[in-house]
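Colleague: Can you walk me through this one? I have the sequence and the structure open.
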Amino acid sequence: MKDLLKFSSVVFEKCVGFINDMPTQTLPEIVISGRSNVGKSSLLNAIFGKKLAKTSKQAGKTRTMNVYNACGVRLIDLPGYGFALASPDEKKRWSKLVEEYFETRTPDLVLQLIDSRRLASENDLQMIKFLCSQKIKFAVVCTKSDKLGTKEREINKNILKQQIYKLNEDSEHKILYTSTNSGEGIKNLKSIISSI
Ligand SMILES: Nc1nc2c(ncn2[C@@H]2O[C@H](COP(=O)(O)OP(=O)(O)O)[C@@H](O)[C@H]2O)c(=O)[nH]1
Ligand SMILES: [Mg+2]
């Protein structure tokens, strides 16, 4: 196994509101995608081992792409989708940013986050379908695993597997469970990122 990157030496590189402000794609790039409030920023902080990304109990806080650089690997916190209270204009701007991202760049890996207590939403499935169609490597990260029991996890995991199988029968991807409370899955995630 490749040595883990020194995630603690991560630096916040840029907050990007318009696609043209993205740094040139010269480094391996990992995208964190998922609905608002699924735990994207918390997960990044758990990976980094410090509170660099702003987290919030309130949904819809991140309206920009936040770019982090950990030992030459870029991690990009995408704006969360599915925030019901956003104005139509704001929603348009967020989806434009995300669309433009995928039109202009090819990430090396997408971490598609899904709340482990819920099943994949229409938006989550749309994203996974897109990733499959573009042959972009992705892993499904089920967040907040501390909030559900073993049995519930097993049931949810099977449904989730079926949901993805229906979209693409031969998609190769990992499904992992993480918790920023118990620390479950964080080491595994770090080794996945380090192997990119
Ligand atoms: N119990 C639990 N709560 C979490 C976990 N990860 C995130 N949260 C909470 O979920 C809320 C949203 O988290 P945040 O990282 O800001 O989500 P984001 O909008 O996707 O960036 C916050 O109140 C976090 O404390 C987790 O692993 N376990
Ligand atoms: Mg966030």
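Modeller: A definition to begin with: two strands count as paired if DSSP finds at least two bridges between them. Helices (H or I, at least four residues) and strands (E, at least two) are DSSP runs, numbered from the N terminus. This is a predicted model, where local features need pLDDT of at least 70, side-chain atom pairs count only at pLDDT 80 or more, and totals for chains, interfaces and linings use all residues. Residues are numbered from 1 along each chain as its sequence is written, and chains are lettered from A and ligands numbered from 1 in the order in which they are written.

Colleague: OK, in what order do the seven strands sit in the sheet?
Modeller: The order is β1-β3-β4-β2-β5-β6-β7, in an open sheet with mixed pairing. β1 (11-16) and β7 (174-177) are at the edges with a single partner strand each, so one side of each has no neighbour in the sheet.

Colleague: And how do β2 and β5 pair?
Modeller: In the parallel sense, over four bridges. Valine 31 stands opposite valine 110 in β5.

Colleague: Switching to ligand 1. How many residues surround it?
Modeller: 20, counting a residue if its C-beta atom, placed from the backbone, lies within 6 Å. Among the closest are Gly39, Lys40 and Thr55. Helix α1 (residues 40-48) gives the most to this shell, with three residues.

Colleague: Is asparagine 37 buried or exposed?
Modeller: Asparagine 37 is buried, because 21 other C-beta atoms lie within 10 Å; the cut-offs are 20 or more for buried, 12 or fewer for exposed, and partly exposed in between, with C-beta atoms placed from the backbone. Asparagine 37 lies in the loop between β2 (29-33) and α1, and its phi is near 80°, a positive value in a residue other than glycine.
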